[in-house]
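Hi,

Here is the structure I promised to pass on. Have a look first, and my notes on what turned up follow below.

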Amino acid sequence: FGFDRSDTFLHSYSFLHILSQNNNKVLISNLQTEIEKQIGYRSSRKRRSEFQYDYEVYHPLEEIRSWMFEMNRTHPHLVDLFSIGQSYEGRPLYVLQLGKRTRPFKKAVWIDCGVHAREWIGPAFCQWFVKEALNSYQHDSSMRRLMNQLNFYIMPVFNVDGYHYSWKTDRFWRKTRSKIPKYHCRGVDANRNWKVKWCDEGASLHPCDDTYCGPFPESEPEVKAVAKFLRKHRKRVKAYISIHAYAQMLLYPYSYKYATIPNFNCVESAAQNAVSALYSAYGVRYRYGPASTTLYVSSGSSIDWAYKNGIPYAFAFELRDTGYYGFLLPETLIHPTCTETMRAVKTIASGLLKKCTK
């Protein structure tokens, strides 16, 4: 494979991990080249000024942060930027609120991206969503209606420390970066750390595992901050959407058990409509269903927590692809992936404006 340890971002663990994930079929013959295409070399990338931000490349944390400030500065009537806390390493946890300030008590949609560090298409989608919402507000009546009647809370990078680390050190890092006393391994799976059937099936008690649930529920400051924010706004937040990769699926509760949620008909109908809307863009087929049966059983997940805490529509998207590129989805696929996902998310949001009678 011609890896040079001096410039590779791959730990041997991650490399073996990706081999095992693909049943030892080597799908990308030069992994290093794929990685280099995405993290640089920055000089050869389509870098533009802040005002001509390129939404079709992956951006490191600093650039995403500058972009958030820029969105806040240039769209004062539709955007509000605030921090809901700090990460383990002390970085602010920024959230963008989108929506016309029409009335105080509006229904809201929460969207987070980048819970798992290596899933770079996530933050790319959150930025794409903001761009589309703001740019099409004037001429697209459906978007204008959504922005007038709903508030959107967008968290482009949930796991800021892990995302930064995936750019600087290990492209396949998944977890947070917290230190666990007495162990050399770092980080907790931020999607196994929620206070709902915590550390049961589908989560690990070992700090070196990728699905480590943490020392206790909400041990991670990132999870704790989002949970606190959602609890505070639980009366208004009607949909929780978490963007992950990869598998091409739209998942809803439960994750931790094989049981049917009380409002299954309404949620399943929303999922079906969203997947149809996504398909209409490029003919990409998504599977949809309860996370436990469609993907796998996992405990302490954010969708189960959101649902348990009174948010009736809780979804996790697993974006492209189904494993050829995996976490290394090329930048050329950002546009189609975000375009189709945008249709699905808009469909879910529109559904909140109608009463479900199923």
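Let me start with a salt bridge: the side chains of aspartate 161 and arginine 91 meet at 2.8 Å, N to O. (By salt bridge I mean a side-chain nitrogen of Lys or Arg within 4 Å of a carboxyl oxygen of Asp or Glu.) Aspartate 161 lies in helix α6 (residues 160-168) and arginine 91 in the loop between β1 (79-86) and β2 (92-98), so the pair ties together parts that are 70 residues apart in sequence. Helices (H or I, at least four residues) and strands (E, at least two) are DSSP runs, numbered from the N terminus.

Before going further, the ground rules. This is a predicted model, where local features need pLDDT of at least 70 and side-chain atom pairs count only at pLDDT 80 or more, while totals for chains, interfaces and linings use all residues. Residues are numbered from 1 along each chain as its sequence is written, and side-chain values use heavy atoms, with hydrogens and water left out.

Through shared partners, Glu89, Arg91, Asp161 and Arg186 join into one network.

The structure holds 12 salt bridges. One of them links arginine 192 and aspartate 189, at 3.7 Å between the closest N and O atoms, and both residues are buried.

Now for the annotated site. UniProt lists Glu318 under "active site", in an unreviewed entry; positions there are given in the numbering used here, feature names are shortened, and annotations may be inferred rather than shown by experiment. Glutamate 318 sits in strand β8 (residues 313-319) and is buried, with a relative accessible area of 9%. What does glutamate 318 touch, not counting residues up to four places away in sequence? The contacts (heavy atoms within 4.5 Å) are His244, Ala245, Tyr246, Ala247, Gln248, Met249, Leu251, Tyr286 and Leu295. The side chain of glutamate 318 also reaches the backbone nitrogen of tyrosine 246 at 3.4 Å.

Cheers

Methods. Buried means under 20% relative accessible area, exposed over 50%, partly exposed in between (1.4 Å probe, protein chains only). A polar contact is a pair of N or O atoms within 3.5 Å; within protein, one must be able to donate a hydrogen and the other to accept it, and residues adjacent in sequence count only if both atoms are side-chain atoms.
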